Structure formats: C-alpha cells, structure tokens
Amino acid sequence: MAVAYSHYLSSDNNPPIPSPASVIPTQDELKKFAAHKAVEFVKSGMIIGLGSGSTAIHAVNRIGELLRQGKLHNIIGIPTSKITHERALSLEIPISDLDSHPIIDLAIDGADEVDPYLNLVKGRGGCLLREKMVEMACNKFIVIVDESKLVKYLGGSGLGFPVEIVKFCWKFTANKLELLFKEAGCVSKLRMCENGEAFVTDNGNFIIDLYLDKDIGDLKVASDKILRIAGVVEHGLFLDLATTVIVAGECGITVKNKLELEG
C-alpha cells in the first residue's frame, strides 16, 4: 500500500516541508514521514514501546507533540535506551518499564536492514538488547525506515550486524563468532568510539560487528548458533518480530504487513 507525502508535509508547529514534486526529500525527511505515519497507529490509553535511533526519535517527538496538543491521552512509554528515556522525559511523555507493564500494545522503532520477509538487523546504535526485550513484549511492532534500509538478505548492506557480548575475554568470543560464519567470509570487529575506546552499551557490554560477504542461510539456525556461544548476550537479528514495516522513499510511503506476506 502506497501513501502520498501530502499528508505529512507539515505539522501544527512547523512550517510546511517543500513538496517532493519540486524538491527531493532528504534522508532525514524520509525518516520523519515514515515516523509520522507510524504514530497514526497510536491511540489514547496505549502502552507504547519507544524505539531508539535517528528514525525512532521522530516518532517519539511526534507522540510528545500530540500529547501537548491534547490529541493523545493516557500514554505510557517504555523506552528502549537511556537516550530515549531522557528524550521522553524532556517531552513530558509518562514512562515506565517492562516490570510494571510486561505486555505492550504497540512498539515503534527503526531498523538498519529489512529483508523481503520483514526480518530485521537492528543494533547499529548499540541498543539491541533493550530493543529486543521491549519489542518481543509487544502485540504490534511497527518498523519505520527509509528505502535505503531494504536489502535482499540480512547482512547484505555490507555494514555488518551487531552482537552484544560480555567484556570478559571478548577476543575469544569474537573469534568464535567469526569462525561460525567462516563460509560467508565473516570478519568480526570490536565496535569503537571516535575517541579510540571500545563502545560500551547501556548494559555495560561490548558490541562485535560481523561483516559478511555472503548470505548466512537459515536465519533461525544462525540465531540459535550465535546464542549458544558462551559470552554472547544477544544479537541484532530480529526475526519474525515486525508486524508492519513503513518504508519512505522518494515517491511516497509504502506499508508492508506481515500478514499480507504470509497470505
């Protein structure tokens, strides 16, 4: 299902964005279009999983805006990262956690890759563990992306997919991961910060990014093999979790539903 941009070109507090007929949207504008479409699924009284990253933050901002305008009421947000937690507080979005709300009505988040079956790679922002915990607890998971995130197979972007591991003997764990996908030309790299120090997640762990030359085959088998390695906390393969993927491209918004693919 394709949707034109005209519905998303302005908000009550911002000037209109130039029409795509005259100006090609920037990547950030595409993300914003997709995020605003996703927030249309949010209803008053819902428990909402609040995603992390540059795309999801547009959805968080929009929810905050609608709450201020009185168009949404009684929303409770479950943040997937410390940054999202802080952003939600700044927008006066009431927040809680999975201990208090183990069942979530709806989660909205971005993705780093989306394959034709709506499987995802997530976690290049480093929040994959909390994201997966929240999104596995939701009744509906809406993914928002721009069309650059669509791939033929997971890992196909060449940017790798993340695995969160404990710090203890991290090289040992990284080598195990690399050997696991040796036939796919896997190279494992410890994620680093700009200051030259190892990136540390909100949970105090390291991230190993796996770079692949080929498709790793059966994703569920790959998932199980990764999780069986001692030292692995969680990985960025999000399989069979997305119920809807909203894709923003230069020509408009496309909504892909899991049920339609299965049908």
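In the predicted model, the charged end of K132 is placed over the ring of F238, at 4.8 Å from the ring centre. A further arrangement of this kind involves R191, whose charged end sits over the ring of F199, 5.6 Å from its centre.

Contacts between aromatic rings were examined next. A pair of aromatic rings is described by the distance between the centres and the angle between the planes. The count comes to two aromatic pairs. In one of them, F161 and F181 adopt an edge-to-face arrangement, with 6.4 Å from centre to centre and 70° between the planes. F161 belongs to strand β8 (residues 161-165), whereas F181 lies in the loop between α5 (170-180) and β9 (187-190); the pair therefore ties together parts that are 20 residues apart in sequence. F161 has a relative accessibility of 1% and counts as buried. F181 likewise counts as buried, at 7% relative accessibility.

W170 and F206 also form an edge-to-face aromatic pair, in which the centres are 6.4 Å apart and the planes are at 80° to each other. Because W170 lies in helix α5 and F206 in strand β10 (residues 206-211), this pair ties together parts that are 36 residues apart in sequence. With a relative accessible area of 24%, W170 is partly exposed, since residues count as buried under 20%. F206, at 11% relative accessibility, counts as buried.

Notes: Residues are numbered from 1 along each chain as its sequence is written. This is a predicted model: local features need pLDDT of at least 70, side-chain atom pairs count only at pLDDT 80 or more; totals for chains, interfaces and linings use all residues. Side-chain values use heavy atoms; hydrogens and water are left out. Rings of Phe, Tyr and Trp (its six-membered ring) pair if their centres lie within 6.5 Å; planes under 30 degrees apart count as stacked, over 60 as edge-to-face and the rest as tilted. Helices (H or I, at least four residues) and strands (E, at least two) are DSSP runs, numbered from the N terminus. Buried means under 20% relative accessible area, exposed over 50%, partly exposed in between (1.4 Å probe, protein chains only). A charge sits over a ring if NZ of Lys or CZ of Arg is within 6 Å of the ring centre and within 35 degrees of the ring normal.
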